[in-house]
Structure formats: structure tokens, C-alpha cells
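Colleague: I am new to this structure. Please show me how to read its features, one at a time.

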Amino acid sequence: MESEGNKVEVSVYQKPKKGNYYCGDSYFYKETDKEFVCALADGLGSGEYAKESSQAVMDVIEEHVDEPIEKIIKECNNILSNKRGAVLGLLRINFQEEWYSFTSIGNIGIIVIPPKGKRKRNIPSAGYLTGYHRPYRVTRDALSHGMLFFMFSDGVNERTLSSKTFVSPNLNQIMEDFKMQQEEAIDDDTTFIAMRYG
């Protein structure tokens, strides 16, 4: 899936674990005149029940997308009280004030690559969403044109993202290179979202 013509270009790769019909990962993104929001959740385990949890989180985020992150995470926790838990990554880009912020609870990876500068890898907060509050961090920094953002579930081997091809301004090239590095039979649900601002 690809999205062009907006302030943030998006390209997504998703594949279920070998032998599964359902992918336990769910994602959502939305761009308005003011901001861009992208979220990725991975339901615990795999298969249909993992998908149910991760999709429930995305439905909540879509409904509360304009709310502060604290409110969003509280609502996500509430919806999971009688379901399997889920890990979550959430990125928000504010066009008007030129900042971005993100949080990651559990093993959702987020990498930020400035057009000129060193890549920044987010260290996720430990644990997962499962119906009760747990501590998490929100990182906020200045936004610049040409920034790349990668968000990915634990089916992605982060070492594959370290090559120079993953600093290309061309998202199609990044995604093609990523696909070539994926094994045919993957051991976990895999979602890789590449985003470029400006």
C-alpha cells in the first residue's frame, strides 16, 4: 500500500506469519492540514485473536485521533481489558509547529532519519497494553523536510534497515530493497511502514 501527494508519503509492507491467514499486526494512518498520525499495533501471539486485539486498538485510535496521546493510550487500554494484549507504536507529526513525537510500548520499533544527520532509534517502553496503565515515554523533536520515519513490528530484523539503501529519498526503492531482504517463510507477523516528510 502506498500514499503519495500528501505532505507525508507512506509505503507499507505487511505479511502474516507462515501458515497463518490473519496477520496479528494492524496499522492506521491519517493526514490532515495540521498533522499526520501513524499507529502500528501487534496483538500478542498470532492469528485471528491477535488480529482482533490489534484491530481494536486501531479502531480506538481512529476514533480518538485528535486527542492527546495520554487519552489515546488510556482508551486503548480500556478496549483491551477482556482481550489479548497488544504492543503499540504511535507517531504524530505537527506541520504547523514543525515537530514530531512518538511513543512505543513493547517491541514496535521506530527509527527517525534526518536528511543530514545520524539515525535515531527509539528504545521502546517495556511491556504491553492489556487493560491497565503502565509507564511509557513520549519523545518529541524538531521536524525537518526530507525526514524519514520507519515503524515496524518484531517480524522485521532491524539489522536489515542499517544499509545505505534505507536512507534513500525514494520510498519505492526503500520498499523494494526491504522486500528483497525478506524471507519467503517468515517466523512472525511482519509490518514495515516507511514514511517521508516533505
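Modeller: Start with burial. Buried means under 20% relative accessible area, exposed means over 50%, and partly exposed lies in between (1.4 Å probe, protein chains only). Strands (E, at least two residues) and helices (H or I, at least four) are DSSP runs, numbered from the N terminus. This is a predicted model: local features need pLDDT of at least 70, side-chain atom pairs count only at pLDDT 80 or more, and totals for chains, interfaces and linings use all residues. Residues are numbered from 1 along each chain as its sequence is written, and side-chain values use heavy atoms, with hydrogens and water left out.

Colleague: Which residues of S7 are buried on one side and which on the other?

Modeller: Gly109, Ile111 and Ile113 are buried on one side, Ile110 and Val112 on the other. Both faces of S7 are covered.

Colleague: How many bridges join S7 and S10?

Modeller: Two strands pair if DSSP finds at least two bridges between them. S7 and S10 pair in the antiparallel sense over five bridges. S7 also pairs with strand S8 (residues 120–121), antiparallel, over two bridges. Take isoleucine 111: its bridge partner in S10 is phenylalanine 150, and in S8 it is arginine 121.

Colleague: What is a nonpolar core?

Modeller: A set of buried Ala, Val, Leu, Ile, Met, Phe, Trp, Tyr and Cys residues joined through side-chain atoms within 4.5 Å. The largest one here has 22 residues. Phe36, Leu91 and Tyr100 are among those with the most contacts inside it. Strands S7 and S10 are among the elements that give it two or more residues. A second, separate core of 20 residues includes Ala41, Ile72, Ala86 and Tyr136.

Colleague: How many aromatic pairs does the structure hold?

Modeller: Rings of Phe, Tyr and Trp (its six-membered ring) pair if their centres lie within 6.5 Å; planes under 30 degrees apart count as stacked, over 60 as edge-to-face, the rest as tilted. The structure holds ten such pairs. Phenylalanine 95 and tyrosine 197 have ring centres 5.9 Å apart and planes at 10°, so they are stacked. Phenylalanine 95 is in the loop between S5 and S6, tyrosine 197 is in strand S11, and 102 residues separate them. Phenylalanine 178 and phenylalanine 192 are stacked too, at 4.2 Å centre to centre and 20° between planes.
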